[in-house]
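The entry is shown first.

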Amino acid sequence: MRPDSVTGPARSRGRMARLRDDAIRWITRRHAHDGDQAHLGRDRIYILPTRAGYTLFGIILVMLLGSINYSNNMAFLLTFLLVGIGHNAMWYTHRNLLGLQVSTLPVPAVFAGQPLTLPLRLSETAGRAREALVLRIGTHTSAPFPVPAQGTHTAQLELPGLARGVYRLPRQRLDTRYPLGILEVWSWLTLAPEIVVYPAPIDPGHTAGDDGEEAAGAHDRREGDAPDQIRPYRTGDPPGRIVWKAFARSGKLHVREFASGQGDRLWLEWGAMPASDTETRLSMLCHQVLAAHAEGRVFGLRLPDQALEPAQGVVHRDHCLHALARFRSTPVEMNPEPGP
Amino acid sequence: MRDKTARPADHTDLRGLELALVALPVAALPHVWHQPPWITALVVLAIAARAWLLGTGRPAPSLGVMSVLAVIAGGLTFAQFGTVFGQEAGTALLLVMIAFKLLETRNRRDIVIALFLGYFVVVTTYFFDQSILIAAYSLLATWLLTAALIQVHAGRVIPRPRLARQAGAMLLHALPFMLILFFVFPRVEGPLWGDPQREQTARTGLSGELNPGDIANLLQDETTALRVEFDRQVPPLRAQYWRALVMTDFDGRRWSADENRSVIQPTAADTDNVIRYTATLEPTRARYLPMLDYPSALPEDAELRANYQVLRDRPVTSRIQYSAEAALTTPPGAGEPTLDPQERTRALHLPTSAAPRSRAEVALWRATHGDDDRAIIQAALQRFSAEPYRYTLQPPRLEDDTTDTFLFETQAGYCEHYASAFAVLMRAADIPTRVVTGYQGGAWQARGEYLRLRNADAHAWNEVWLDGEGWIRVDPTAAIAPERIEQGLPGLASDTGEEIPGFLRRGEGLSWLQRARFGMDDWGDFVRFRWESWVLAFDPERQRELFARLGLDSQDWRSVLIALGAGFGSLALIALTWVGLRRPRQRHAPADRVLQQLSRRIARHDRRLARQAHEPVDAWSRRVARARPDLRESLKAFAEAYNRQRFAPLTPEQRREDLRHLRGLLYAVPRGKPPAPRPDPAHA
C-alpha cells in the first residue's frame, strides 16, 4: 500500500497502524531477531483480558453488589469463587504458552500467486499438554491447534499468494485464550524463515505475434538436427526419456539419447524470451525450466547477471527456479494484508 | 451441497454446546420449585429443541423467530409477576433469557454468554435456599459450567475425564481465594438499595404487616429462625406459641403492627409454673423478640408493650441470645373485668365497607347464639372445619374484598388467611380481636437438646378478648389443618400425643427406628448448625470480631489492606513453595539424586571435589580419583552405572534393578577419609 495512494480515513488508520507497529516493535526489541527458533519465556509473554473477560468481570460485579444488598453469604461465596477462578485463569492461560519452543521449518516454495503454507514447529518440554493455540500473521489466522505434552506439533498457516521474489516473514503472533476465554495470552515472534516465490510460469509459445523459430528458446541444436539414439535404460536415467512405445513392444526399458555430447544441451536464454519486461521474461523462463525438466533435458540458464551451467535433475531445476526468484530481488518483508 | 459445506464450520465453533446444554439445566434445576411451571416448560422445551437441532445438524432459528419468541416470553413474565424486576421475576426473566440464548446459539460467543449467565443463575438460587445441600449442588453446577467453558475454548474435543479433572482443579485452586475474600472483603451493613430484607421476610419470616391477599406463593424457608434451650421443663408442643408481633390495626386488606404502644410491666407468675429458656435468634433486622406465650420475665434490653409485644431497644442485626420466662396459663389481661375502652375500639375497628357478606353471615350467628361469644367463636371455627377449606401454601390471589373472597370463594390459604378472616368475623360480631404472628411448632433436636424453629414454622393466630378471662388465644388454622399444628415432630406427635417433650429430652421410649431418624435429623442439623453459624451468620459484626481477634479494625481500610495482603501473601508463598518443591523433582532423574548425594558426600572432606554443574560425570569421577585414589574403583563403577542408567535403553525392570545397584555403589563409597576417618555424628 503506497502512502500517497490512500485517502483521508485510510491514511489515519494507516498512521494508527504504524504507531501501533512501532509500539510493538519497541516492546519486542529484545526479541527483534529470533532467527530460526524462539523460546517463549516469561519475558516475552503478554496478557490482557478479552471482551468475554470484561463481560465476566461485569457479571461478577453485579453478583457482588447483589450479595452485599441481600447480605447473602452464599452469594458472597460463589462470587468470590468466581473471582478466584478468574484470577487463576491468568495463571492457567499464561502456562498454556509458557515454555514452548517455536522453530522454523523450510517453507515450501510456491509460484507467484499461489497460496503459501507456512509451517512452524512447536515443541513442548514442560510436560503440560497445550490447547487451542493460534498462530497469526496480520489478519491471517491458523486453526486452533494443540501441542501434546513432551511432544511437537507443526502448525500450518495459510498465507495469500505473492509476487515473484524473496520475502522475509513479518512479525508472527502466537496466542491462546484457553481455558476460559476471558484472557488472551500472546507472544510476538520474529522468526525469519526464507520465503521464495518463483515466477508464475507463462508459456512463451503462446505469446501472440512472436512465434518465430527461435522464439521458444535458444537451443544449441534443434532436436531434429541429430536423430535420436536409443540405448538400454541405466539406473538414474530420467523417466521422461524412456521410450515407452519400445517398452510396450519389447517389455524392455530403453531411453532416447541425443546424437552428440553437446547435442542435448539446452540453453535457456534471458535474451531469447519474446517479452520486454523483466517479470514476463522470468515467467517464460520459469515455464521453460519446468518444461525442460519434465522432458528430462540437460539445460542451462543464462540470466543477465549469472549463468547456471547445464545440468539436469530436481536439484538443478530448483537452483534455476531459485535463481529466477532471486533475480534482481532483495528480501523484503511480505505484506500479509490483502492488496491495496 | 452448500449446506453441507457450511455445517462443519458451524459445528466446530459450537463445540462445547453439548456440555452447555447439560450444565445449564443443572444450574437451573433448583429453580423448578420456585418458578411457575410454564418457565420450566419453556426452558426444557428450548433446550430440547436446541439439542435436537444440534443432533440433526440444523442451524439455529432465525433472528426474526427469536425476537417474536423473546417478546412473547417477556410479556408472559410481566403478566405473571407484574414486573420484570425483583428476585422472582428477575430470576424468571434470566432463565427465559438463557433458554433463548441457547436456542439461538450461532457461535462461540453465544455459548459463552449463556454459560456466564449460568453462573448468575446459580447465585439466584440462594434467594430461595441457602442450605448446605444447595451449596454442594451449586458447586456441582459451577463445576459443569466451568467444564463447558473450557470445552468451548479448547478448539478440539477434550476427553471428558480430563475436562472434569481440569475444571475440578480450577475450582479447587479458587477455594483459597474464596475463603480469604469471604472473611476479609469489607462487609457493609444493610442493603445498598431497596429493602430486600422485607422482600425476603415477606416470604416466610415475620413482617410488620400482614397482607393475606397479596402473596400468591409462600416459599418454605428452611433456615433456622430461632433456637431455644429450656432450663428445666419443656412445655408441651401444643402450648409452644412464640409470639413476635401483635397486629390490631386493620384497613380492610392489611393488618399492621404498632411499635409505639405504651410500655407495661409483665405480670409475675408463680415460680413453680414458669418456663425458663434461652433463645438464639437469627438476625431479623427488626426489633421484635419472639417470646413464648405468655412472657412473664424479659431480657434487660427489651420491654413489654401494651399489646403484649416484646420489643428490643434496637433492631436485631446479628445473631443474639436472650433469656426469658413464660407463664403458660396466664394470658394478657387475665382477671380484668373489662377491656380498656380505647383498646376495645381499636380491636373492634372494621372499615365500614369491609366484608359485607361476612357481616351478614355473622349477623345470622348472633341471631342464633345471642350474647354467647364463645358460641360465636365455635361457629366460626366450625365453619373452617366443615366447609371445604383447604390449607395450601399456593393460595389463589384474593381480588376485591379479601375476606369475603377468601371465605366464600377461594376457601384456600394458609395461616395468615385464616387468622385475618377469623379476626374480621369476630370483629363483625363485636368481639375484640387481634392477630398475632410468631412461630409455632419447631423440631426438637435430641443431639443438642434444643428446639429449632425454622422460618417455615412462622405462624399467625388470633387473640380474642373475653371479659374476665383476658386475651384468649384462638388458632383458626388448627380448625382446618390440625396436622400443621402438630407437625413440628413429623409422624411422632400422633403416636405419643401430648407427652412428647417429657421423654424427648432423654430419647427414652423411642423405637429404634424413631431413634435412628432422630439421629439422622440430628446429624443433619448438626452440619446445618455449623454451616449456619460459620458461614451464613458471618456479617459485619462477626467480621469486626474476627478482625479484633487479630488485633485489627475492620472499619479501617489500612487494616483491611493488611489482612488482604497477609492472606494473599501467604497464599502466594504457599503456591511458590509448591511450585519450587515440584520443579526439582521433575527435573532430576533418580540417578541424578544419587549423583548429588555422592557429590555431597565426597565434598564433605574436600569442597573442591564437589561436582560442578557443567561437569560431565566421567570427567568428574576422574578428577576425584586423582585426589582420592582410594575411591578410584568405586567411582569408575559408579560413573558406568550412572551413564547406563541415564543413557542406555533399559526396560523399566532393568532400570529399577540398575538404580538399586547405583544406590549400592553410593554406599560403597566410604564416608570417612581413609587416613583419618572422622566420626560424623550427623550421619551416624
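## Interface

In this predicted model, 38 residues of chain B are in contact with 36 residues of chain A, contact meaning that the C-beta atoms, placed from the backbone, lie within 7 Å. On the side of chain B that touches chain A, α6 (108-125), α7 (132-152), α8 (160-184) and α19 (512-536) of chain B each supply at least two residues. The most come from α8(B), with nine residues. Helices (H or I, at least four residues) and strands (E, at least two) are DSSP runs, numbered from the N terminus.

By type, this side of chain B has 27 nonpolar, nine polar and two charged residues. Ala, Val, Leu, Ile, Met, Phe, Trp, Tyr, Cys and Pro count as nonpolar, Asp, Glu, Lys and Arg as charged, and the others, Gly among them, as polar.

## Sheet

Chain B has an open, antiparallel sheet of three strands, ordered β5-β9-β10. Its edge strands, β5 (263-264) and β10 (310-312) of chain B, each pair on one side only; pairing requires at least two DSSP bridges between the strands. Two bridges join β5(B) to β9 (residues 302-305) of chain B in the antiparallel sense, and Val263(B) stands opposite Arg305(B) in β9(B).

## Confidence

Chain B averages a pLDDT of 78, a score of the predictor's confidence in each residue, from 0 to 100. The lowest mean in chain B is 32, in α17 (residues 493-496), and the highest is 93, in α7(B). For the complex, the predictor gives an ipTM of 0.79 and a pTM of 0.61.

## Conventions

Residues are numbered from 1 along each chain as its sequence is written, with chains lettered from A and ligands numbered from 1 in the order in which they are written. In this predicted model, local features need pLDDT of at least 70 and side-chain atom pairs count only at pLDDT 80 or more, while totals for chains, interfaces and linings use all residues.

Terms used:
Two residues are in contact if their C-beta atoms, placed from the backbone, lie within 7 Å.
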